[in-house]
Amino acid sequence: MRRAAFSAVAIALLAGCGGSRSSEPVATTEVSMAKSYRFEPKAIQINAGETVTWTNDDNFTHTVQVDGQDDHEVGRGKSVSIAFDRPGTYHYVCTLHRHDMDGTVIVK
Ligand SMILES: [Cu+2]
């Protein structure tokens, strides 16, 4: 019985690792500040000239600050939209929780 239980745990860990796609960019212009303290999806891909909207679905105030740009505070239930005109890879953080909350916008 002990051996069987151990095997089940090992398989669950392997499945969790292989199934993780969180680093793959998702083609969308909508990012949720999901419960709790994360951007979902963490990495997105858009076309130059499109606008990304972040919506705060969490119970806490967050911010969106693209590297080198202004910080935008986003309260519960609020949203902020930022246009990306030039191709590139843009990293951003929530300046209130920068160790937990960051993401990437890839502009093609
Ligand atoms: Cu935050």
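Glutamate 73, leaving aside its neighbours within four places in sequence, is in contact with Thr61, His62 and Thr63, where contact means heavy atoms within 4.5 Å. This residue belongs to strand β7 (residues 71-74); helices (H or I, at least four residues) and strands (E, at least two) are DSSP runs, numbered from the N terminus. The model is a predicted one, in which local features need pLDDT of at least 70 and side-chain atom pairs count only at pLDDT 80 or more, while totals for chains, interfaces and linings use all residues. Residues are numbered from 1 along each chain as its sequence is written, and side-chain values use heavy atoms, with hydrogens and water left out.

**More on glutamate 73**

- Is glutamate 73 buried or exposed? Glutamate 73 counts as exposed because its relative accessible area is 67%; buried means under 20% relative accessible area, exposed over 50%, and partly exposed in between (1.4 Å probe, protein chains only).
- In β7, glutamate 73 is the bridge partner of threonine 63.
- Between the C-alpha atoms of glutamate 73 and threonine 95 the separation is 9.0 Å, and the two residues are 22 residues apart along the chain.

**The chain as a whole**

- The protein has 1 helix and 10 strands, and from the N terminus on they follow the order α-β-β-β-β-β-β-β-β-β-β.
- Of its 108 residues, 29% count as buried.
- Among contacts with a separation of 6 or more, 48% come from residues 24 or more positions apart.

**The copper site**

- Which residues coordinate the copper ion? They are His62 (ND1), Cys94 (SG), His97 (ND1) and Met101 (SD), at 1.9 to 2.7 Å. Donors are N, O and S atoms within 2.8 Å of the metal (3.2 Å for Na, K and Ca); water is not among the atoms, so sites may look incomplete.
- The donor residues are spaced H-x31-C-x2-H-x3-M in sequence. Histidine 62 in strand β6 (residues 62-66) and methionine 101 in the loop between β9 (88-93) and β10 (102-107) are 39 residues apart, a pair that links distant parts of the chain.
- The site is tetrahedral, with angles of 87 to 134 degrees among the 4 donor atoms of the copper ion. Four donors count as tetrahedral if all angles lie between 85 and 135 degrees.
- Both histidine 62 and methionine 101 are buried.

**The sheet of 6 strands**

- This open sheet has the order β1-β4-β10-β9-β6-β7, with mixed pairing; two strands pair if DSSP finds at least two bridges between them.
- Its edge strands are β1 (26-27) and β7, each of which pairs on one side only.
- β6 and β7 are antiparallel partners over 4 bridges. They form a hairpin with 4 residues between them, and glycine 68 in the turn has a positive phi of about 80 degrees.
- Strand β4 (residues 43-46) pairs with β10 in the parallel sense over 4 bridges, and isoleucine 46 stands opposite valine 107 in β10.

**The sheet of 4 strands**

- The order in this open sheet is β3-β2-β5-β8, again with mixed pairing.
- At its edges are β3 (38-40) and β8 (79-84), each pairing on one side only.
- From one strand to the next, the twist averages 25 degrees. For such angles, axes are lines fitted to C-alpha atoms (for helices over the stretch in contact), and angles run from 0 to 180 degrees between N-to-C directions.
- Strand β5 (residues 50-56) and β8 run antiparallel and are joined by 6 bridges. Glutamate 50 has phenylalanine 84 in β8 as its bridge partner, and threonine 53 stands opposite serine 81 in β8.
- On the parallel side, β2 pairs with β5 over 4 bridges, and asparagine 56 in β5 is the bridge partner of methionine 33.

**Serine 32 in strand β2**

- Serine 32 lies in strand β2 (residues 30-34).
- Why does serine 32 count as buried? Serine 32 counts as buried because its relative accessibility is 17%.
- Leaving aside its neighbours within four places in sequence, serine 32 is in contact with Arg38, Phe39, Glu40, Thr55 and Asp57.

Technical notes
Four donors count as tetrahedral if all angles lie between 85 and 135 degrees; four count as square planar and six as octahedral if opposite donors are over 155 degrees apart and all others between 65 and 115; anything else is irregular.
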